[in-house]
Amino acid sequence: MNKRDMKESTHVKKWEIDDAAELYGINHWGADYFTINEGGDVVVTPFGRNNGPGISLYAIAREVEERGMSMPVLLRVENILGSQIKLLHETFRKVIRETAYTGEYKGVYPIKVNQQEQVLEAVSEFGREFNHGLEAGSKSELIAAISMLNNRNACLICNGYKDEEFIDLGLYAIKMGFQCFFVVEVPGEIDLIIERAKYLGVKPHLGLRIKLSTQAEGHWTESGGDASVFGLNMSHVVDVLDRLKEEDMLDCLQLLHYHIGSQIPNIRDIRAGAMEACRIYEELVREGANMSYIDLGGGLAVDYDGSQTNYSSSRNYSIEEYCYDIVESIITVLGKNKIPHPTIITESGRAIVAYYSVLLFNILDVSSHVPPPIPKDIPPSSNGLVENLLSTYDMVSPKDIQECCNDALYYRNQARQLFKHGQINIRERALAENLVRHILIKISEVGAQFDHIPKDVSEITKLLYDVYYGNFSLFQSLPDVWAIDQIFPIMPIHRLKERPVHPAIISDITCDCDGKIDSFPDYSHEKKSLMLHDLKDDEEYYLGVFLVGAYQETLGDLHNLFGDTNVVSIHAQEDGSYQFIRELEGDSVSDVLAYVEYDVRSIKNKIKQLAEDSIQKGFITAKERKSILHSFDEGLRGYTYFEKE
Ligand SMILES: *Cc1c(COP(=O)(O)O)cnc(C)c1O
């Protein structure tokens, strides 16, 4: 237990919902969309906290299970997607009005951030009134985009490496009336585009992706800077300009694009990138290109930890400041030579979809650090180990805390050595380790009274966290936690009127020791445990992981053959009612086996043969064979996660 947790658990003051809100930080990271209701449930407020209804996530989780869908479930709250698209457009519009900017704003959604059909469908639906377009980075994404973007006034931006097929698809999109832009990423692409455009008789809309020298800080920002693998350097730009002039196609070049990375925590970098890009824009105008769009890529960050800082899981700016800084940078740079203001495009993905998905799962079990009580009469030991541990226990006091800490760890090691050499048995070792735990608990209690907790003591507290086993796979549902130590907000979605008393970490159900969550958001950026409640015998305990809508779904993998989770989307009404609008069943066991190339029919045959052989050999009866085959059948049809009964 760290000091703060300790104080909370011994505090006499009555536990209030506000305490829960503070502990889990929900009013900081929840933006306008998540808070706690009077009943102690987390509620989603899709129209804003002070606007319209709050819908209990616990009620949703219960209803989902009543409908026969097991946990884990990925819940999408569609209205939040709509609210985020609206927020981005309305904020840009407001800033454009207030600064007398003469261009407009057009957003596009980068498909790679979440490619699921449901997501594209919702983006197209909610984005229609704002002409929100799509950005595709591969052939597959482009085909998905063309099929989903039912709006010829929206932009369709093609990034990524393009072969002939990719280019032809884009040119056909232009033929069909779409505002489709090819963003030239590598110098060689331009020749192929010119060739195919001539062949198909289509005038292409061209953009250049430029490599800025501005490099942003943060986790995901290697897309910018001189070392970036993407984009054209200045001499490439000159080559492309010359090539287009040669072909008399300079008027096709209309757009300048850059992307300096995702989740840019510091507004300073956003401003620096925009200023640098505008200078290049100005030069392209001067060269005679038909410039009218500036596309600033992604990067608009999400405040995952709620700290509002330039820490990598946060951002030190609001959406409004983001819009202001972009618009003002363009006005400043282009104003010098009175260059007409371009249409602004941003490719915000994370900020659009992160908030709209929540991973819900139940806790299956807890491994508690609390040892059984110290037995009354312990027989004397031949090696003095138990006696030493008992006297260390009695000695723990503020002044001897460091020494006791050393002793406890020394004797623990001694117990393990003695066991290894056969000098104590398993019961003696268990007793010694339990005594060590009692000492460590006492040390951490005494240590918690200090203003400054000694380092060794704070290390010890980590040994005292309970492990809560969650019914999910980190690798499938939260891959960035594993891959890059990303922090997501996580908390119980109910029982928030009760004081949580166990400092815990969370383990998933893969057999991989990396499948755990042991860093949590805090205002000091990170804490190493999460306070959780006792499990009840007759009630599920549900946790939610929030802000997981961006990047997690397709980056997830089949580690241990845990497959896609069930997905449920809800659509809320202003009166607080909601409908389940899209239910997607997760993978079954046979689905995931098929992904790794098993032929499910041949598995069934093999098991049939095995059962037959077992009858022949007298291991099982014909009746048992029937039950066994039935079980295998059910198993293949079942969900890959832990199912009840
Ligand atoms: C990944 C990517 C984005 C999305 O960035 P976010 O930070 O998620 O908004 C936008 N544009 C390009 C070119 C990208 O590669």
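Residues are numbered from 1 along each chain as its sequence is written, and side-chain values use heavy atoms, with hydrogens and water left out. Because the model is predicted, local features need pLDDT of at least 70 and side-chain atom pairs count only at pLDDT 80 or more, while totals for chains, interfaces and linings use all residues.

Q: Is Thr99 buried or exposed?
A: Buried means under 20% relative accessible area, exposed over 50%, and partly exposed in between (1.4 Å probe, protein chains only). Thr99 has 19% relative accessibility, so Thr99 counts as buried.

Q: Which backbone oxygen does the side chain of Thr99 reach?
A: A polar contact is a pair of N or O atoms within 3.5 Å; within protein, one must be able to donate a hydrogen and the other to accept it, and residues adjacent in sequence count only if both atoms are side-chain atoms. At 2.7 Å, the side chain of Thr99 reaches the backbone oxygen of Val95.

Q: How are the rings of Tyr578 and Phe580 arranged, and what is the pair called?
A: Rings of Phe, Tyr and Trp (its six-membered ring) pair if their centres lie within 6.5 Å; planes under 30 degrees apart count as stacked, over 60 as edge-to-face and the rest as tilted. Here the centres are 5.9 Å apart and the planes at 65 degrees, so the pair is edge-to-face.

Q: Which residue has its charged end over the ring of Phe580?
A: A charge sits over a ring if NZ of Lys or CZ of Arg is within 6 Å of the ring centre and within 35 degrees of the ring normal. Phe580 is buried, at 16% relative accessible area. Sitting over its ring, 4.0 Å from the centre, is the charged end of Arg67.
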